[in-house]
Amino acid sequence: VEQIAFDGTTFKRTDFTMPWNLEYIVTSDRPLTLEVTSKSDDKVKLIVSDVSEGLPTLSGQTFLPRSESFMSEGEFDQSTIVSKTFEY
């Protein structure tokens, strides 16, 4: 992948040793546009993740709060992360 245009902003590749990693914080309900440019015939793998604060409510399940003796893991400690992989 040589460049990515994400919601109108273009990012060009300078380092081909690491995969792309973009983080976008949604601030509205409008659709996002992603355009990927590659000269390779290989498929492009795209992993899309949604991070939501809090844990889901599961019908019939109750979870006790974390004990004071357990330290927080920090970022995403009590978040729900859902990911889906696409190949084009």
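**View 1. V36, a partly exposed residue in a strand.** V36 is partly exposed, because its relative accessible area is 37%, which falls between the 20% limit for buried and the 50% limit for exposed. The residue belongs to strand β3. This model is predicted. Leaving out residues up to four places away in sequence, V36 touches V1, Q3 and V44.

View 2. L22 sits in the loop that runs between β2 (9-12) and β3 (34-37). With a relative accessible area of 36%, L22 is partly exposed.

**View 3. The aromatic pair F6 and Y24.** The structure holds 2 aromatic pairs. In this one, the ring centres of F6 and Y24 lie 5.1 Å apart. Their planes meet at 75 degrees, so the pair is edge-to-face; the cut-off for that class is over 60 degrees. F6 lies in strand β1 (residues 3-6), while Y24 lies in the loop between β2 and β3. The pair therefore ties together parts that are 18 residues apart in sequence. Are the two partners buried or partly exposed? F6 counts as buried, at 17% relative accessibility. Y24 counts as partly exposed, at 32%.

**View 4. The aromatic pair F86 and Y88.** Here the ring centres of F86 and Y88 are 6.3 Å apart. The planes stand at 15 degrees, so this pair is stacked; planes under 30 degrees apart count as such. F86 is partly exposed, with a relative accessible area of 29%. Y88 is exposed, at 62%.

**View 5. R13, a buried arginine in a loop.** R13 lies in the loop between β2 and β3. Its relative accessible area is 17%, so R13 is buried. Which residues does R13 contact, leaving aside its neighbours within four places in sequence? They are V1, E2, M18, P19 and W20.

**View 6. D7 and its positive phi.** Most residues other than glycine have a negative phi. D7 has a phi near 55 degrees, a positive value in a residue other than glycine. D7 lies in the loop between β1 and β2. Its relative accessible area is 22%, so D7 is partly exposed.

**View 7. S79 and its contacts.** S79 lies in strand β5. The residue is buried, with a relative accessible area of 12%. Its contacts are V51, S52, E53, G54 and L55, once neighbours within four places in sequence are set aside.

**View 8. Confidence in the model.** The protein averages a pLDDT of 84. A score of at least 70 is reached by 99% of the residues. Where is confidence lowest, and where is it highest? The lowest is in strand β4 (residues 45-53), at a mean of 88. The highest is in strand β5 (residues 79-87), at 91.

Conventions. Residues numbered from 1 in each chain as written. Predicted model: local features only at pLDDT ≥ 70, side-chain atom pairs only at ≥ 80, totals over all residues. Heavy atoms only, no water. Helix = DSSP H or I, 4+ residues; strand = E, 2+ residues; numbered from the N terminus. Buried < 20%, exposed > 50% of the residue type's maximum accessible area, 1.4 Å probe, protein only. Phe/Tyr/Trp six-rings, centres within 6.5 Å; stacked < 30°, edge-to-face > 60°. Contact = heavy atoms within 4.5 Å. pLDDT = per-residue confidence, 0-100.
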